[in-house]
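Please look through the sequence and the model before reading the notes on the strands, the core and the ligand.

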Amino acid sequence: MGFTLSNQQQLLSKIATGNGHGENTPYFDGWKAFDSNPYHPTTNPQGVIQMGLAENQLSFDLIQEWVLKNPEASICTAQGAKAFKDIAIFQDYHGLPEFRNAVANFMGKVRGNRVTFDPDRIVMSGGATGAHEMIAFCLADPGEAFLVPVPYYPGFDRDLRWRTGVQLLPVACESSNNFKITRAALEDAYEKAQKANIRVKGLLITNPSNPLGTVLDRETLKSLVTFINEKNIHLVCDEIYAATVFTQPRFISIAEILEEEEVECNRDLVHIVYSLSKDMGFPGFRVGIVYSYNDAVVNCARKMSSFGLVSTQTQHLIASMLSDNEFVDRFIVESAKRLKARHTRFTVGLEEQGTTCLKSNGGLFVWMDLHKHLKEQTFEAEMALWRTIIHQVKLNVSPGVSFHCPEPGWFRVCFANMDDQTMEVALERIRNFVLQDKDAVVAIKKKSCWQSNKKLSLSFKSFNFRILDEVSMSPHSPIPQSPLVRAT
Ligand SMILES: Cc1ncc(COP(=O)(O)O)c(C=O)c1O
């Protein structure tokens with residue numbers, strides 16, 4: 001028997017009946033358009049290409065090669081089956097020691113061995129998704145807030161807010177200085193929270209950034225450390241794209257900043273979120289990590305991790321793979337090389353047709369600037385363009401509004417979840433669209449300068465934050481079958 005909505009609201013919790021997950025939003029129009037008509041080079045060449053998934057699929061041949069060479073790493077092979085029972089019955093929420101050692105070692109390697117990580121501070125969770133919720137539960141009570149520079153990964157709205165009741169408050173960053181996080185913007189956000197009587201418990205940053213694909217420089221990192229120490233609030237650093245940085249400037253982990261002598265920091269305030277979803281390309285394994293410098297947080301998070309442990313079978317496999325230093329070293333170098341080649345081909349292809357992206361050197365996506373293709377500089381026009389891109393250009397890209405971008409016209413386009421040929425088809429489609437978009441040409445001629453547009457766009461900020469609630473995005477699709485299975 002089905003429930004009516006009001007029945008449901010009486011019988012179920014607010015969390016169950018609320019829309020905190022973000023699944024029932026227009027964002028999924030894109031997923032649905034892709035799901036109902038997925039591109040395939042021979043069976044469906046007119047289908048929608050999935051460019052909304054930040055997945056790293058460029059180096060899977062290396063993983064497969066390793067798996068074939070190391071059959072004992074799996075407990076489901078003749079060579080590995082003798083470990084089956086021990087692995088199947090292991091349930092300690094500290095995790096397999098060899099797993100924590102291997103992950104700590106890997107985290108050091110992807111940071112160029114400039115820092116080391118203590119395996120005893122590694123707490124498991126179900127992907128970075130679970131890690132973020134766990135850290136929010138540890139650091140803040142319902143109603144309290146984290147500051148988050150915009151644009152930011154839309155999943156944060158689900159991960160940090162939904163079940164915890166914690167709020168996320170935007171720190172305004174703008175294209176005029178490449179979305180740099182400034183002290184003034186931080187102070188401004190902090191002050192606004194105070195005026196609204198909201199207690200700020202922390203600052204959440206993503207470095208390298210999703211969706212920008214950029215890294216934070218040393219000075220910015222230091223200024224963030226100074227800021228959180230002065231305010232006595234936490235700093236949560238999502239570093240899950242650490243190994244996707246493929247060219248200079250190199251990635252600098254917050255762990256390195258803490259090691260610097262001149263940096264004064266209460267380490268109890270600093271926490272790293274990590275996962276193998278991007279750097280290794282294993283989002284399906286749900287290997288997430290909270291690495292906290294605060295003993296009480298490590299203790300509490302470890303207890304909470306009972307709700308989202310990484311299966312021992314996965315721990316066993318990962319421990320074995322990541323302890324193979326030779327393989328890991330080769331993988332890190334080769335993966336970055338392939339990402340660089342793909343990024344270069346894609347961005348050069350876009351530039352040839354006059355489409356620019358924010359200059360980036362990491363991540364699995366580019367932040368594409370289509371503001372000149374907007375009919376007007378509004379978020380409504382951005383949504384209209386987005387629908388055109390999905391339904392006519394047949395590319396599922398993600399609109400800036402879902403990343404809380406304060407300026408209309410930016411789109412995140414993922415480039416590492418497909419093969420070379422599919423990427424070329426996507427480039428061709430963008431090229432055709434750009435050429436045919438006569439309005440854009442007219443707009444370019446008539447265009448008042450971008451700066452004045454930007455002033456206009458800022459006046460849409462309140463609108464932006466209203467529609468954000470309607471256009472949130474989740475990487476965890478309600479679609480039961482992985483679309484990528486069909487995309488390859
Ligand atoms: C910045 C950021 N944090 C966290 C996540 C979630 O990662 P996971 O698959 O490990 O849960 C993502 C996924 O896209 C992300 O981009």
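Helices (H or I, at least four residues) and strands (E, at least two) are DSSP runs, numbered from the N terminus. The model is predicted: local features require pLDDT of at least 70 and side-chain atom pairs count only at pLDDT 80 or more, while totals for chains, interfaces and linings use all residues. Residue numbers start from 1 along each chain as its sequence is written.

**Strand 8 and its partners**

- Two strands are said to pair if DSSP finds at least two bridges between them.
- Strand 2 (residues 122-126) pairs with strand 8 in the antiparallel sense over five bridges, and Met124 has Ile289 in strand 8 as its bridge partner.
- Strand 7 (residues 270-275) is likewise antiparallel to strand 8 and is joined to it by five bridges; here Val273 stands opposite Val290.
- Strand 8 (residues 287-292) is mostly covered, with six of its six residues buried (20 or more other C-beta atoms within 10 Å of a residue's own, the C-beta atoms being placed from the backbone).
- Val287, Ile289 and Tyr291 point one way from strand 8, whereas Gly288, Val290 and Ser292 point the other way.

- Strand 12 is joined to strand 13 (residues 410-414) by two bridges, and Ser398 has Arg412 in strand 13 as its bridge partner.

**The nonpolar core**

- A nonpolar core is a set of buried Ala, Val, Leu, Ile, Met, Phe, Trp, Tyr and Cys residues joined through C-beta atoms within 7 Å.
- The largest such core has 127 residues, of which Leu235 and Val273 touch the most other members.
- This core takes at least three residues from each of domain 1 (5-55 + 364-487) and domain 2 (68-324), with domain bounds that come from an automatic or database domain assignment.

**The ligand shell**

- Around the ligand there are 15 residues, and Gly127, Ala128, Thr129, Ser275 and Ser277 come nearest; a residue counts as near if its C-beta atom, placed from the backbone, lies within 6 Å.
- Helix 7 (residues 127-139) supplies the largest share of this shell, three residues.

Conventions:
A residue is buried if 20 or more other C-beta atoms lie within 10 Å of its own, exposed if 12 or fewer, and partly exposed in between; C-beta atoms are placed from the backbone.
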